[in-house]
Amino acid sequence: MGRSQIGFSLGITAVLVFVLALKVVAADDVLSLSEETFEKEVGKDRGALVEFFAPWCGHCKKLAPEFEKLGSSFKKAKSVLIAKVDCDDHKSVCSKYGVTGYPTIQWFPKGSLEPKRYEGARTAESLAEFVNTEGGTNVKIATVSSSVVVLTSENFDSVVLDTKKDVLVEFYAPWCGHCKSLAPIYENVASVFKLDEDVVIANFDADKYKDLAEKYGVSGYPTLKFFPKGNKAGEDYDGGRDLADFVNFINEKCGTSRDSKGQLTSKAGIIAGLDDLVKEFVAADDLEKSKIFARIEDQVGKLEGPATKSGKIYLKAAKNYIEKGATYPQKEIERLQRMLEKSISPVKADEFTIKKNVLSSFVA
């Protein structure tokens, strides 16, 4: 092998090492351990709380968000490690430490590979209390901002019965297992629609406020009811309980256009009636364009609610098309795309996406 080839190989090796290092830095706050890494991390100069789990285990899935919250809270505590082992992939480690069911949570003191089994409640708060006691730390669980609106008997009517809002309500009980399983999914639903001002994702402790829950026919948990702007008596939600199911339901009922990541789809901002006029507008000669522009202006003037903003974009696009020529829409789309590829706020991203969608209607 020549010097240039050796240099090239060493360069590739350095890049790979760098990439692997980045992966370690970018890892979750709960460190994933394997046969190779377990005893390099555990039993050393810090105590370790380790969850032994299986990906298919239902109880493990319930524990996952709590354990992630724990890891996030302890990530700056140098004397404590929060870790996990996938027992499907690393059976020998789990067998070595006596794991026979999932999830099994064990505490390994500093400098020891003799574990103490955790038998307490499986909440982030209870786990933190245990770790603080065993590890001599004083860490509090980090509070995570929520997009779910918490309802009480005092604010229920003002939120749910607001005729300017579409409101999805989860009636739950704190002790309900199915409610706990739904909680992280429901939080994601709220996050997806947090920028849609007329959509509210809320929950209500039906065990605490039994009388009000009974008024709406709630007898089991969780019960989900949808209160659209036009029907404040409420409608039962009988759809699926995956994130995609909720997102599809809200999009259909509320006229929103978001995907499961909270990003606007290509349908956002599109108004069917105006789209039809735009097709006529683009195909028409200059004289006819002026007449069709007047029709677009008239139709935009009749719009109400959120559609008003989109209507104004249609009108401005048509005006610029007349003044700047047929190449304007495509050039503007390309400019907006460059802006979207930069680091911008979610609000700006929504604004630019809607403009792009509307302008696409003007591209012949």
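Predicted model: local features only at pLDDT ≥ 70, side-chain atom pairs only at ≥ 80, totals over all residues.

## Helix packing and cysteines

Helix 3 and helix 5 lie oblique to each other. Helix 3 covers residues 58-74 and helix 5 covers residues 124-135; their axes come within 9 Å and cross at roughly 45 degrees. As for handedness, helix 3 passes helix 5 in a right-handed crossing.

Who does the touching? On the helix 3 side you'll find L63, E66, F67, K69, L70 and F74, and they meet A124, E125, L127, A128, V131 and N132 of helix 5. Sorted by class, the residues of this contact come out as eight nonpolar, one polar and three charged.

Now for the other pair. Helix 13 (residues 328-340) packs against helix 14 (residues 346-360) at an angle of about 155 degrees, and the axes are 9 Å apart. Helix 13 is therefore roughly antiparallel to helix 14, since the cut-off for that label is an angle over 145 degrees. The crossing of helix 13 and helix 14 is left-handed.

From helix 13, the contact takes in Y328, P329, E332, I333, L336, Q337, M339 and L340, while helix 14 brings A349, F352, T353, K355, K356, L359 and S360. That contact between helix 13 and helix 14 has nine nonpolar, three polar and three charged residues.

Here are the two packing angles together:

| Helix pair | Angle between axes |
|---|---|
| Helix 3 and helix 5 | roughly 45 degrees |
| Helix 13 and helix 14 | about 155 degrees |

On to the cysteines. How many disulfides does the model have? The count comes to one. That disulfide joins C87 to C94, with an S to S distance of 2.1 Å, and the cut-off for calling such a pair is 2.5 Å. The link between C87 and C94 is left-handed, with -90 degrees about the S-S bond.

Are C87 and C94 buried or exposed? Both C87 and C94 are buried. Two further cysteines are worth a look. C176 has 5% relative accessibility and so counts as buried, because the limit for that label is under 20%. The value for C179 is 5% relative accessibility, so C179 counts as buried too.

Notes. Residues numbered from 1 in each chain as written. Heavy atoms only, no water. Buried < 20%, exposed > 50% of the residue type's maximum accessible area, 1.4 Å probe, protein only. Axes fitted to C-alpha atoms, helices over the stretch in contact; angles between N-to-C directions. Helix = DSSP H or I, 4+ residues; strand = E, 2+ residues; numbered from the N terminus. Parallel < 35°, antiparallel > 145°, perpendicular 65-115°, else oblique. Left-handed = near helix turned anticlockwise from the far one by under 90°. Contact = heavy atoms within 4.5 Å. Nonpolar A, V, L, I, M, F, W, Y, C, P; charged D, E, K, R; others polar.
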